[in-house]
Amino acid sequence: HWEEEDDMNASSSSDEKKTDDESFQPPLTDGCDLPGWRARRLAPCVSVEKKHIDSIGLVLGGCLNIGSGATLFRRESQFPFITSNVDSCWWHRTKEKLCVPPPVDRDAPVVKHDEMCALVDYVKSNGCNEESRKVTYFSLEFEEKNRPVKIFGATLNWPAMPDYDEENHSKNEANKGWADMSDNSDLMTAKGCGGWTFANLVSRFGNISWRYSDQHGEMMSLNTYAKYITSPEGQSDDSPLGIYDSQFGDDDPTSLLLNEYTVPKCFSQDLFELQSGCDSDEDNSIEEVPRPPYRWILIGPERSGTGLHVDPLWTNAWVTVLQGKKRWLLFPPETPHELIGMIEGQPQIPSSIWFADYYEKVTSTSWPTEYKPTEILQYHGETVFVPAGWPHLVLNLELTVAVTHNYASEFGPFKRMCQDVVEEEPEFAVRWYAGLKENGREDLASCLPY
């Protein structure tokens, strides 16, 4: 029996208890509201020999009552999927296949960060005049051409990047802060020291509550989350809960994390940073409007991930893995959404279930070549660039920690982005328009209908 964390007891308000009494629907998982946490039985978390199946209670011990009073841990059944034949498990077979690099015809190009930072001449026509300035080679080669790529070397000098050189540290150092928390400490071994390994984050911020989706307000401490992912609960969920916190760094003590990484220099300026910071006159005032969420820390065990989606407002994104391994699929913007499981009016399909239902289909020889996906196997220390408008999904192949930013670039489908900003964030659009003009970018402000 695990005792509830003090902060979880504090968060179990009367409203949550009322919800538990009145509703029997399971909680949202990764922003989805599919009713079956283990309906597909993708991954058995407990395997026993047949001769021991009668004593399964001894195998499970008292681990079936994690967070029984917490909404996030509620299940149709508290019992996990048990098997005596691990080799027949879909997840074990699929994970082995997905850990192999994708074929050359679907693999993304790979570039070095320092080479992409090289400055090149960029000439832009403004009516009768031409403006010449310096921009990064990456801006023209990948942002303007709107194509995905994997980048090496963007984490140089990041304190957030763990040291994976085994000669520099011992196993005890790699697991410092975690070994005394769970018998399953081997699951947490990143073979990395310092930085943003999950073990280190638990050691530093174990009592801090983190968000699990932008779609709902559920929060949980890292200490409780660590128990979840090492228990039969988390190890048998089809799509385990993952941390998607867009507010990390906004307050102490996690504000320290913002000083432990930097935006890679190869990317162009984030134009959303140019929203107006000055008040206009009383007759035409512009109120303070926060920019849309753009910065996330992502943490999740194997089989967690992000379901198929298009990033908001037609922004670009970059994702850097600090610990773990991810498998990506990215589809060209012209791909019909219904062909790949993005059905309007239906909930997003969790990443693991999508791979079970669609992966073989979209990678077969019969799949239309014009909709052929780009696949990426991403390791720690690597950065993936996600171009605007590309439907994509990500599956964690092991316990993974990553940081991501969305940003607005003047290169690529800028007019389409402006259209989305005006329609979906009208108050911010007004502030942004004023900011572009204040910063001498009338050429870009002219794309907004003001």
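How many disulfides does a search of the whole structure find? The search finds zero, where a disulfide is a pair of cysteine sulfur atoms within 2.5 Å. Before we go on, please note that this is a predicted model, in which local features need pLDDT of at least 70 and side-chain atom pairs count only at pLDDT 80 or more, while totals for chains, interfaces and linings use all residues. Residues are numbered from 1 along each chain as its sequence is written, and side-chain values use heavy atoms, with hydrogens and water left out.

Cys117 is in no disulfide, and the nearest cysteine sulfur, that of Cys266, is 5.2 Å away. Is Cys117 buried, partly exposed or exposed? Buried means under 20% relative accessible area and exposed means over 50%, with partly exposed in between, using a 1.4 Å probe and protein chains only. Cys117 is partly exposed, because its relative accessible area is 22%. Cys89, in contrast, has a relative accessible area of 5% and is therefore buried.

Now to the sheets. Helices (H or I, at least four residues) and strands (E, at least two) are DSSP runs, numbered from the N terminus. Two strands pair if DSSP finds at least two bridges between them. For angles in general, axes are lines fitted to C-alpha atoms, for helices over the stretch in contact, and the values run from 0 to 180 degrees between N-to-C directions.

Three bridges join β11 to β16 (residues 392-396), and the two run antiparallel. Gly305 stands opposite Leu395 in β16, while Thr306 has Val394 as its bridge partner in that strand. Four of the five residues of β11 are buried, so the strand is mostly covered.

Within β13 you will find Lys325. This lysine counts as buried because its relative accessibility is 15%. Leaving aside residues up to four places away in sequence, Lys325 touches several residues, including Cys99, Tyr379, Leu395, Glu398 and Thr400.

The loop between β11 and β12 (316-323) holds Trp314, which is buried at a relative accessible area of 17%. Not counting residues up to four places away in sequence, Trp314 touches Pro333, Ala388, Gly389, Pro413, Arg416, Met417 and Asp420. Its C-alpha atom is separated by 9.8 Å from that of Gly412, 98 residues apart along the chain.

A second open sheet has seven strands in the order β3-β6-β15-β12-β17-β10-β9, with mixed pairing. Its edges are β3 (110-112) and β9 (243-245), each with a single partner strand, so one side of each is left without a neighbour in the sheet. The twist averages 25° from one strand to the next. Inside this sheet, β10 (residues 295-300) and β17 (residues 400-407) pair in the antiparallel sense over six bridges, one of which joins Gly300 to Thr400.

Helix α8 lies across β10, β12 and β17, running at about 110° to β10. Two packed helices are described by the angle between their axes and the distance between the axes. The axes of α8 (residues 198-205) and α9 (residues 222-229) come within 9 Å and cross at roughly 145°. Phe198, Leu201, Val202 and Phe205 in α8 meet Leu222, Asn223, Tyr225, Ala226 and Ile229 in α9.

Finally, turn to α13 (residues 426-438). Buried residues in α13 include Phe428, Arg431, Trp432 and Tyr433. The buried residues of this helix pack against α12 (414-424) and α14 (442-445). After α13 comes Gly440, whose phi is positive, near 75°.

Methods: Contact means heavy atoms within 4.5 Å.
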